[in-house]
Amino acid sequence: MTTRAGFVALIGEPNAGKSTLLNRMVGAKVSIVTHKVQTTRTRIRGVCMEGQSQIVFVDTPGIFRPRRRLDRSMVKAAWGGASDADVIVLLIEAHRGLTEGVKLILDRLADEMPKGQPVALAINKIDRVKAETLLALAEEVNAAYPFKKTFMISAEKGYGVADLREWLAGEVPEGHWFYPEDQIADLPMRMIAAEMTREKLTLRLHEELPYQLTVETEKWEDKPDGTTRIDQIVYVARDGHKGIVLGNKGETIKAIGQSARADISEFLGRTVHLFLQVKVRPNWQDEPERYSEMGLDFKDGDA
Ligand SMILES: Nc1nc2c(ncn2[C@@H]2O[C@H](COP(=O)(O)OP(=O)(O)OP(=O)(O)O)[C@@H](O)[C@H]2O)c(=O)[nH]1
């Protein structure tokens, strides 16, 4: 049977309802991810299956709030996330209409989507407006940008969300799934745990190994005794980096493991046994950027 898999970016002004919509489509754990982990590297917000399609939602952190200098590079990264995606959904608020912020996004959309990906408009919070207003708004926004499809939804109440999901499932390209189906439910937790370890590594080693580390959660086992065993791999780019991460007699990695374990345990509310392994993956930076940035690990022949 033909399988499909692809990346979907939800974009929109702050407060448009992106998290609420994601939670509806993916499941409640996603909100935990987004509120706990604020990084530019963790780009995956959640994954869901719809029929034979695997839909991977990618993050677009802070696209429209470039306040500080640091934020400007994040804005770039955010549009990068969107333009790398296979499908884009612009979420706007029904009762606020075509705001200046939305206009700004519409102006940039054509330039930022050189690949001509399908872009859908989702008018959210339809529970707050009358039907006439909605139709007029849909027309107005479509006149500004030729959306492939327009959805009227209420992320909070769930109206229209199933239709949007079905449409996305049909729009993502044919291809292998990125994640085994049985890992999807755990994925946000695996990512949080990996991100927590990466944060400790960066705190301790940031001067020596900037951006040269990735962490992946390999195994996750909730034991009947109420504890959780988590195995993670810290990938470094070069053999010489391994020693830096391990430290003298393994002291550095031990200290990192202890503090990561404490954070993960607190977060999960259960005792965690964390096992860290350091491995060299010299080519990870040469992998297509979108995959390595997203923490995806491809086996031969998958890409
Ligand atoms: N009435 C109504 N409120 C909604 C709907 N969807 C989301 N909201 C509310 O809108 C507010 C913002 O929703 P979020 O999902 O946090 O928005 P966001 O786009 O993720 O916001 P940022 O994280 O700031 O980018 C919350 O108070 C939601 O409860 C909807 O369909 N109807």
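Helix α1 (residues 18-26) supplies three residues to the shell around the ligand, the largest share. Helices here are DSSP runs of H or I with at least four residues, strands are runs of E with at least two, and both are numbered from the N terminus. The model is predicted: local features need pLDDT of at least 70, side-chain atom pairs count only at pLDDT 80 or more, and totals for chains, interfaces and linings use all residues. Residue numbers start from 1 along each chain as its sequence is written.

**Exercise 1.** Describe the shell around the ligand by its closest residues and by class.

*Solution.* Start with the count: 16 residues surround the ligand. A residue qualifies if its C-beta atom, placed from the backbone, lies within 6 Å. The closest are G17, K18, S19, T20 and E156. Now sort by class: three are nonpolar, seven polar and six charged. Nonpolar covers Ala, Val, Leu, Ile, Met, Phe, Trp, Tyr, Cys and Pro; charged covers Asp, Glu, Lys and Arg; the others, Gly among them, are polar.

**Exercise 2.** Classify the packing of α7 against α9.

*Solution.* Helix α7 (residues 187-205) packs on helix α9 (residues 251-268) at about 140°, with axes 9 Å apart. Axes are lines fitted to C-alpha atoms over the stretch in contact, and angles run from 0 to 180 degrees between N-to-C directions. Therefore α7 is oblique to α9. Under 35 degrees counts as roughly parallel, over 145 as roughly antiparallel, 65 to 115 as roughly perpendicular, and the rest as oblique.
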